[in-house]
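Biologist: Could you walk me through this model, starting with the ligand site?
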Amino acid sequence: MTTERDTIHGEWAGRFTFFLAATGSAVGLGNLWKFPYVAGSSGGGSFLLVYLLCLFLIGLPLMMAEIMLGRMGRRSPVNALRRISQIHGHSRLWKWLGVVGMLIACLILSYYSVIGGWAYAYTVRAASGLFMGQTMDGVVSLFARFASDAEHLLAWHTLFMLTTVMVVSRGVKRGLEFAVTWMMPVLLVILVVLVIYAVRNADVYNAIAFLFHPDFHKITPDVVLTAMGHAFFTLSLGMGAIMVYGSYIGQRSSICGLSSAIIITDTMIAILAGLAIFPLVFSFQLEGIMIRSDPGLLFRIFPYVFGQMPAGILLGTLFFVLLSIAALTSAISLLEPAVAWLVESRGMTRPHASAWAGFCVWLLGLVSMLSFTGLNLRDMLTAVSAWLGHYSPMFEHKFYSQSFFTLIDFMTAKLLLPISGILIAIYTGWLLKSDVSKQELSMSNWSYQCWRGLIRYVTPVAIFVVLLNATGALAWIIRLINN
Ligand code: PHE
């Protein structure tokens, strides 16, 4: 018999499985590429301190809030929020927070899938020995040809989406749980093998100096804001991914303990990624190239690096398998909120719901994919207006030369995610009665008061400042004050 607090989707086998799944969501392309680079170029050890502070002051309270809401609602984020607000007498509009989260997840997945497809393609290329002995120009032009070849991109994007749909369609137990319990250990083993290789054979001293040497002069307000923004993205917060995973955990698990473990593991994996990547970058004197925040760099630099090593085929293949796994375990957490909602509210079976959600995201991904091949907003709008019968090019602003990918990335990671994070903090910190959250979190009085103080004041204000900064409003306000 199902009770009020049962979930119709099934429960994780135990706390550890939830930990693996949530860590799988958190550990993604962001950890493997962005963190090491940002840490190294923004003050090394001192950046790490600021980043850890952000993780624990902003990330931890928010992650606890999301898991708590998921576990209280026992439904997809939309229905969980609808149910909780009904029970506690809050406005029914709060369910829209779940809707926005679910849409952000689908938008992010649409381009994540394209990049995941690159990782699959590069795994096959590395295994086939294609990179062996290539020059730097050779691998750069290989990537340029690959990224502008719509047919290839389409095939790999489709394959990535198909694997994501396959995992999600099999349900919580046979799909998500099965996938993370073998993929996460494999990810860790590959990462450790790559770190050992890098430490033994490459320029580890310069890499460690780059990553950890504290330089407090580099801690500018901008660096602090970057650390906050990255803390938020790397933990997959604000889009229902962690909330939906939280709805499948048992009542007795400690939310604070689990969240801390996920955050510590995510950070350790990011640091290990730095130790695997940067010694190679320094050995091949490529540090000058690692200067832009563009995930494409992994695909431009590393084929060259592995192509020069004796065991390059094996190590290169392992490296791209690592990227593929990191992308896939994040992707399934992005599709799950929509699939859970379709099952609950539209009465679909899981395979049916996964196929529908996957298909919609796949379609959206096509536009991101074409934007990698050079299509910009102006081209797209001109095509649409030609289709509607207006042929005049009316898009003259420089905004229109942006790609669709840049637009989605800006809208989701920089705009909607922080807004949804602030709303989650306001809902759990200000609207939900303290006896409800206290009982749900079941912590000592002192730790509960700390959490409540952070989620009411620190988290929303900090995210708001990040939002102002990301949208350029902060610079505008500062200019206004200075004048
Ligand atoms: N946390 C992932 C990363 O670090 C990105 C992600 C965001 C994954 C949201 C899932 C959901 O790359």
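Biologist: How do the residues of the shell around the ligand divide into nonpolar, polar and charged?

Modeller: They divide into six nonpolar, eight polar and no charged, where Gly counts as polar. This is a predicted model, in which local features need pLDDT of at least 70, side-chain atom pairs count only at pLDDT 80 or more, and totals for chains, interfaces and linings use all residues. Residues are numbered from 1 along each chain as its sequence is written, and side-chain values use heavy atoms, with hydrogens and water left out.

Biologist: And which helices each supply at least two residues of that shell?

Modeller: Those are α1 (15-26), α2 (29-41), α10 (221-234) and α14 (312-346), helices being DSSP runs of H or I with at least four residues, numbered from the N terminus.

Biologist: Which polar side-chain atom lies 3.1 Å from an oxygen atom of the ligand?

Modeller: That atom belongs to Asn31, while a backbone N or O atom of Gly30 lies 2.7 Å from a ligand oxygen and one of Leu29 lies 3.2 Å from a ligand oxygen. The protein covers 100% of the 320 Å² of accessible area that the ligand has on its own (Shrake-Rupley method, 1.4 Å probe).

Biologist: Switching to the whole chain, what does its secondary structure come to?

Modeller: The protein chain has 20 helices and zero strands, a strand being an E run of at least two residues. Its radius of gyration is 22 Å, close to the 23 Å that the globule rule gives for 483 residues, so the chain is as compact as a globular protein of that length (C-alpha atoms; the rule is 2.2 Å times the number of residues to the power 0.38).

Notes
Polar contact = N/O pair within 3.5 Å; in protein donor to acceptor, adjacent residues only side chain to side chain.
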